[in-house]
Number of protein chains: 2
Amino acid sequence: MADDGAELDAVSRANRRFYEAFEAGDIDAMSDAWEHSERVACTHPGWGTLNGWAAVAGSWYALFHNGQTLQFIVTNEQVRVEGDAAWVTCDENILGDGPAGGTVAALNVFVRGGDGWRLVAHHGSPIVTRS
Amino acid sequence: MADDGAELDAVSRANRRFYEAFEAGDIDAMSDAWEHSERVACTHPGWGTLNGWAAVAGSWYALFHNGQTLQFIVTNEQVRVEGDAAWVTCDENILGDGPAGGTVAALNVFVRGGDGWRLVAHHGSPIVTRS
């Protein structure tokens, strides 16, 4: 089965690389985390879905250059592998007060290519606290 | 390659079955659309992620019994297949005025088992119109 411990660890590392690039605002590391293809998709919180690597890369470039840095702790990671594809759910707990704070629920899809696991889809959305 | 037209069509049909069950408020059809396993995950707009079929099924049961029916048109569907896994991005354009209206961006992940393509992850979040 592909769903063994080594593959789960490899996908978890790929997920961590994505968040480390995100937190560092490192566009080269973010580029390395993604598959560079037309089939990738990215949905930032509140945004419509961006399709294709050019649009996705452009969005990260813009986010990293808007002067806002984000720090967060990733929790509740669940990693699932099916052959050469995998999906991860996790919570991005954003540190800080005000509108930048709070928790974003994420679903990340990875595909294994010749150079390891790369992100092909990311969808994040804020968790609205219910009273 | 698994990424041929027939498989794309099969995944698209599975995606449509999910939305038909959603719109009809049909819990049996919704149940048929999902893989029944611990690895499934569902993130409704504004919610935290639910893990495992029991929690996911319970959420649909609650949504279908709150007296609110939703009608929507699905647009911008992009279907991608990688072996026995697939992911779909689309927009759920909800008909009607008020808080129930608007557009939800969705990322849906499917896995092919003995009885065809079944949903293993759904994440929906409202698109916030930017002024």
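Student: How many nonpolar, polar and charged residues are in the lining of the largest cavity?

Tutor: The lining has eight nonpolar residues, no polar ones and no charged ones. Here Ala, Val, Leu, Ile, Met, Phe, Trp, Tyr, Cys and Pro count as nonpolar, Asp, Glu, Lys and Arg as charged, and the others, Gly among them, as polar. This is a predicted model, in which local features need pLDDT of at least 70, side-chain atom pairs count only at pLDDT 80 or more, and totals for chains, interfaces and linings use all residues; side-chain values use heavy atoms, leaving out hydrogens and water. Residues are numbered from 1 along each chain as its sequence is written, while chains are lettered from A and ligands numbered from 1 in the order in which they are written.

Student: Which residues line the largest cavity?

Tutor: Rolling a probe the size of a water molecule over the atoms shows where empty space is left. A cavity is a set of points, on a 1 Å grid over the protein atoms alone, where a 1.4 Å probe fits but cannot get out; lining residues have an atom within 4 Å of a point. In this structure the lining is made of Ala85(A), Ala86(A), Trp87(A) and Val109(A), with Ala85(B), Ala86(B), Trp87(B) and Val109(B). Strand 4 (85-94) of chain A and strand 4 (85-94) of chain B each supply at least two of the lining residues. Strands (E, at least two residues) and helices (H or I, at least four) are DSSP runs, numbered from the N terminus.

Student: How many cavities of 30 Å³ or more does the structure hold?

Tutor: One. The largest cavity has about 30 Å³ of space, where grid points are joined across faces, edges and corners and a volume is the space filled by probe spheres set on the points.

Student: What rotation superposes chain A on chain B?

Tutor: Two copies of a chain are related by a rotation about an axis and a shift along it. Here the rotation is 180 degrees and the shift along its axis 0.0 Å, with an RMSD of 0.0 Å. That is the relation of a two-fold axis. The superposition is by least squares on the C-alpha atoms of residues with pLDDT of at least 70 in both copies.

Student: Why do the copies meet through the same surface?

Tutor: Of the interface residues of chain A, 100% are also interface residues in chain B, so the copies meet through the same surface.

Student: What is the order of the strands in the sheet of chain A?

Tutor: The order is 2-1-6-5-4-3, in an open sheet of six strands with mixed pairing. Strand 2 (50-51) and strand 3 (72-82) of chain A are at the edges with a single partner strand each, so one side of each has no neighbour in the sheet. Two strands pair if DSSP finds at least two bridges between them.

Student: How many bridges join strand 4 of chain A to strand 5 of chain A?

Tutor: There are 10, and the two strands run antiparallel. Asp91(A) is opposite Ala105(A), and Asn93(A) is opposite Thr103(A). Strand 5 (residues 102-113) and strand 6 (residues 116-126) of chain A are also antiparallel, joined by 10 bridges, and a hairpin of two residues connects them.

Student: What lies between strand 3 of chain A and strand 4 of chain A?

Tutor: Two residues lie between them in a hairpin, and Gly83(A) in the turn has a positive phi of about 65 degrees.

Note on methods: On a 1 Å grid over the protein atoms alone, a cavity is a set of points where a 1.4 Å probe fits but cannot get out, and a pocket is an open set with protein on both sides within 12 Å along at least five of seven lines; lining residues have an atom within 4 Å of a point. Contact means heavy atoms within 4.5 Å.
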